[in-house]
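Subject: Handover of a structure and the findings from it

Dear colleague,

Please find below the structure that I am passing on to you. The findings follow directly after it, grouped by topic.

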Amino acid sequence: MKLKKQVTVCGAAIFCVAVFSLYLMLDRVQHDPTRHQNGGNFPRSQISVLQNRIEQLEQLLEENHEIISHIKDSVLELTANVEGPPALLPYYMANGSWVVPPEPRPSFFSISPQDCQFALGVRGQKPELQMLTVSEELPFDNVDGGVWKQGFDISYSPHDWDTEDLQVFVVPHSHNDPGWLKTFDKYYTEQTQHILNNMVSKLQEDPRRRFIWAEVSFFAKWWDNINAQKRAAVRRLVGNGQLEIATGGWVMPDEANSHYFALIDQLIEGHQWLEKNLGATPRSGWAVDPFGYSPTMPYLLRRANLTSMLIQRVHYAIKKHFAATHSLEFMWRQTWDSDSSTDIFCHMMPFYSYDVPHTCGPDPKICCQFDFKRLPGGRINCPWKVPPRAITETNVAERAGLLLDQYRKKSRLFRSNVLLVPLGDDFRYDKPQEWDAQFFNYQRLFDFLNSKPDLHVQAQFGTLSDYFDALYKRTGVEPGAQPPGFPVLSGDFFSYADREDHYWTGYYTSRPFYKSLDRVLEAHLRGAEILYSLAVAHARRSGLASQYPLSNFALLTEARRTLGLFQHHDAITGTAKEAVVVDYGIRLLRSLVNLKQVIINAAHYLVLGDKKSYHFDPEAPFLQMDDTRLNHDALPERTVIQLDSSPRYVVLFNPLEQERLSVVSLLVSSPRVRVLTEEGQPLAVQVSAHWSSATDMVPDVYQVSVPVRLPALGLGVLQLQLGLDGPRTLPSSVRIYLHGRQLSVSRHEAFPLRVIDSGTSDFALSNRYMQVWFSGLTGLLKSIRRVDEEQEQRVDMEFLIYGTRSSKDKSGAYLFLPDGEAKPYIPKDPPVLRITEGPFFSEVVAYYEHVHQVVRLYNLPGVEGLSLDVSSLVDIRDYVNKELALRIHTDIDSQGTFFTDLNGFQVQPRRYLKKLPLQANFYPMPVMACLQDAQSRLTLHAAQALGVSSLHDAGGDLGPATNAGRQPGPGPRAQGQQENLQPFPSPVGTANPGQGAMFRGLIFHSSRSGHREVQDGPSTSYPSLLSHLTSMYLNTPVLALPVAKRQPPGPALCSFRPLASSLPCDFHLLNLRTLQAEDDSLPSAETALLLHRKGFDCGLEAKNLGFNCTTSQGKVALGSLFRGLDVVFLQPTSLTLLYPLASPSNSTDIYLEPMEIATFRLRLG
């Protein structure tokens, strides 16, 4: 029988924990060093003949590719319209393994040769500043620099400005954290609303005053509480340039743990709000407080049409080096960019902090005297014991001279004679007295300085864009263009240290439970956006919009804003106080429940055969949720489907833009269960016990697992009935290793079960692609062998414990300060192992005192069969100041190089630097990390943000440091943290061995000489298409929504196939986001379509991968993409839809370069 539906449920989902997919590419590199050395010996005539032949060959390849694509489309069309033969049932081999016969339908793997050129391609001119090279060359010696402790003495001549005046812009700002020491609402009530109210009145008192604001989340809440008169005043202040909204995101996001979907979404939410309410379009980025910086953010800002940006929290040694080389301002360019189209002008603040003592110049003792909030009699003073003095006619000359000296010294660190001086700090300007103290005193200083032509200085209040505009004008370039002589930089600014060996690498793993919940919410938001947009478009086309709950749009808006809020750099980071974390958790859970409602309502409408029978009843939803959480810090409990004499239906939602074949696991009330397709054809299923512990089955709850093929972005329907179907209802068999422990074991007549009191010999699980070996003693992974290779690949896992220092500062929510190398985790008792084997999946569960690890192997063709799911549930509440890590030993000769992703968007090479302390060598791992040598690549894919390092040169050692049972310790922002005490998901992975062979040819440009890739190969790496798909499967699991029990006959249900064909497999439909109507709570007729074309590496052999995949050289015909809907309006726009990039066109064919994200304003009808 042709399997028509499919769903993925990660092995991790049983415990709702962090899961990663680790795939191992064992690639034969066809490599001949001589080819690269003899290139110069050909006569020119032969070269031109050779070039012509290559061009002819390329043309033939292209035509051949098009012919194959046409044949493939024709065959797909035929197979789509013909019911397949009856199901081929799994059968049991004499050696004890299950065999699932191959599907009768063929799989296509058709990659255009041109699409393989990107990962190999020669980029443009190398940037002068490559951050990996900078880190390798810097001594990181931390020499005492005098008054500028982390810098050096700055000298100048008073005549340096004789030819061109120094132009100073003092930029008043107030950094408002949407949650940190207080909750978002408490900050708003006690401080933020007063700051903004004062801003309106105080800016209007003098047109020379300026102010910048960044966090739209606070601004929107305040806007809802002010009257029309005040709103009009705000619009005037924005219009005349006194008030600037910088960046304009919902928050100032963390850049280490955040996923690019969420970064874009909070930027769109902020920009759309600003356009609708203020008519404002942000021009400059302002990120003074994130703890390190990713190049993803400048890319997104540039695509949103911002031209300039500012950063602050960069390693003190890098700041010093950039200051010494006049490189604090640079064009930040993406590593793949060959034509500077991603360049954005970036200003790096030179000193320790963004507060007033560290912004006027190098000497904080002097700068603090010009923070007039600290005038004697106030609540705060200067730690350097010299207070500020109010500016009077008698002291203005002396005070202005002192300040000008600092301005001049600071300006010597930059290439232009335009100087930026921020004036603010956390939650500043909340009282009118502070506005008066700062603005009156500075205006007196400015008036004095500006009245003395011989000083050659012009000083004034300014906004961030005032500064950048003046700089562009002085350097004679258009806004956003590269000023002459300014350097180009590529790379990132992780990991951050603010002083000594205080590396902020602890926050990569702090409060991992909420890092996991963040990803769950993100996947639900994307799924809800897409289904809602499709349901509304279909309902409007059918004239049934009045029947549909359009008001669900308000739930979508709230969820967008919740996800956006949680990207804040004290939220997803895990660095807020406990009460604030609880507040975030409650918001995340509320939005998650709301999104499940949106999905249920949309799926209900779309899955009905007769849409006219649709009736929305909020009191009696048509579908149930797939799982529930009792509270914000509880693990999810999956819905149990009660079986009885009448059939039960389950609707399955595949949020991927690719058709997928996956195993769907459902909980049911009886092991006597039959599963049928929507047409009533029986399916083979695997039935297993549901366990509450290592040895206890849950009574009356069973797991039924069925392979299903689901349409892209579509809905499938399964039917469940009570009753046995002998050849198709296949029980799992179980072995339990007690290792001498005296435990009673549950039994059930439906499942063969063997208890082994003691046994230490290694054992294996296998599927069609690989054999996976485990230690009989520990139950942990040891090695993987691909079926087509004799050689085993070592993938040896162990758990480790990091302690923290006994003296001085300890590890906390921000810092990772270990007491040396990690030590092996030694449990009190040996683990109990439970091995389950069956036709569609087999798994090993190892129960330790503090961690339960599940390793699951799916017996399926395609993506799921090529990967190994590893998930862990961790509970270290009885550990104090300790962290648990998972280490993976391999035979890969990585030579100290490893790769980590940035925001799930791009991959960055890393080097283990022995000159730096251990904690400095950990990096963010939001989605993946990999090791490779000339033969093999091993990749871990994560379902939540983690930290990772490779601490040994030979034989890669990938160990994500996970969560800590950290006690409060001094945090860098004067904040000790209590770690969340719920059971945590820990990192662990999904091992994809063997995807051996996706394409023929080189694994990577950089592997041709073994390991010189960092020096003279490309400065980035690309995952394969299989790797991209593995990550998508993991991060967008299928939702299984049971139809609520009703009396028959119910309405007929049929699968929903929204796309006429799958997108090319290097395209990701990032979002289909309905836009707001004039009424905030209702949808407009337009949606934002966001597409991302992924860069990928073809250097891998391809063999029987078992899934369909084609690429199209970046071309997509949007007009024919949506089945049953017409694209009646299509306009390319900037990333956040504020700027049209072209007029609306009749043509709906689009083209995207690799790595690019494109946004379209779309109307479906």
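**A buried aspartate and its surroundings**

D371 has a relative accessible area of 0%, so this residue counts as buried. Please bear in mind from the outset that the model is a predicted one. D371 belongs to the loop that runs between α11 (364-367) and α12 (396-411). Its C-alpha lies 9.0 Å from that of P387, and the two residues are 16 apart in sequence.

**Aromatic rings**

A pair of aromatic rings is described by the distance of the centres and the angle of the planes. In this structure there are 56 aromatic pairs. One of them joins F322 and F330, whose ring centres are 6.2 Å apart and whose planes make an angle of 80°, an edge-to-face arrangement.

F494 and Y508 are both buried.

Beyond these pairs, one aromatic cluster brings together F211, W213, F370, F372, Y429, W435, F439, Y442, F446 and F461.

Two arginines are also placed over aromatic rings. The charged end of R209 sits over F440, at 5.1 Å from the centre of the ring. R856 lies over the face of F841, and here the distance to the ring centre is 3.8 Å.

Strands of a sheet pair through backbone hydrogen bonds, either parallel or antiparallel. An open sheet with mixed pairing is built from six strands, in the order β5-β15-β11-β12-β10-β9. Which strands stand at its edges? They are β5 (129-130) and β9 (284-287); each has a single partner strand, so one side of each is left without a neighbour in the sheet. Within the sheet, strand β11 (residues 329-332) pairs with β15 in the parallel sense, over two bridges. M331 stands opposite V488 of β15.

**Strand β21 and its partners**

Strand β21 (residues 673-677) is mostly covered, with four of its five residues buried. β21 pairs with strand β25 (residues 715-722) in the antiparallel sense over five bridges, and T677 has L718 of β25 as its bridge partner. The pairing of β21 with strand β22 (residues 682-683) is antiparallel as well and runs over two bridges. There, L676 has P682 as its bridge partner in β22. β21 and β22 make a hairpin with four residues between them, and G680 in the turn has a positive phi of about 95°.

**A helix crossing**

Helix α8 (residues 260-277) packs with helix α16 (residues 552-566) at an angle of about 120°, and their axes are 9 Å apart. Because of that angle, α8 is oblique to α16. Their crossing is left-handed.

With kind regards

Conventions
Residues numbered from 1 in each chain as written. Predicted model: local features only at pLDDT ≥ 70, side-chain atom pairs only at ≥ 80, totals over all residues. Heavy atoms only, no water. Phe/Tyr/Trp six-rings, centres within 6.5 Å; stacked < 30°, edge-to-face > 60°. Buried < 20%, exposed > 50% of the residue type's maximum accessible area, 1.4 Å probe, protein only. Lys NZ or Arg CZ within 6 Å of the ring centre and 35° of its normal. Pairing = 2+ DSSP bridges. Axes fitted to C-alpha atoms, helices over the stretch in contact; angles between N-to-C directions. Parallel < 35°, antiparallel > 145°, perpendicular 65-115°, else oblique. Left-handed = near helix turned anticlockwise from the far one by under 90°.
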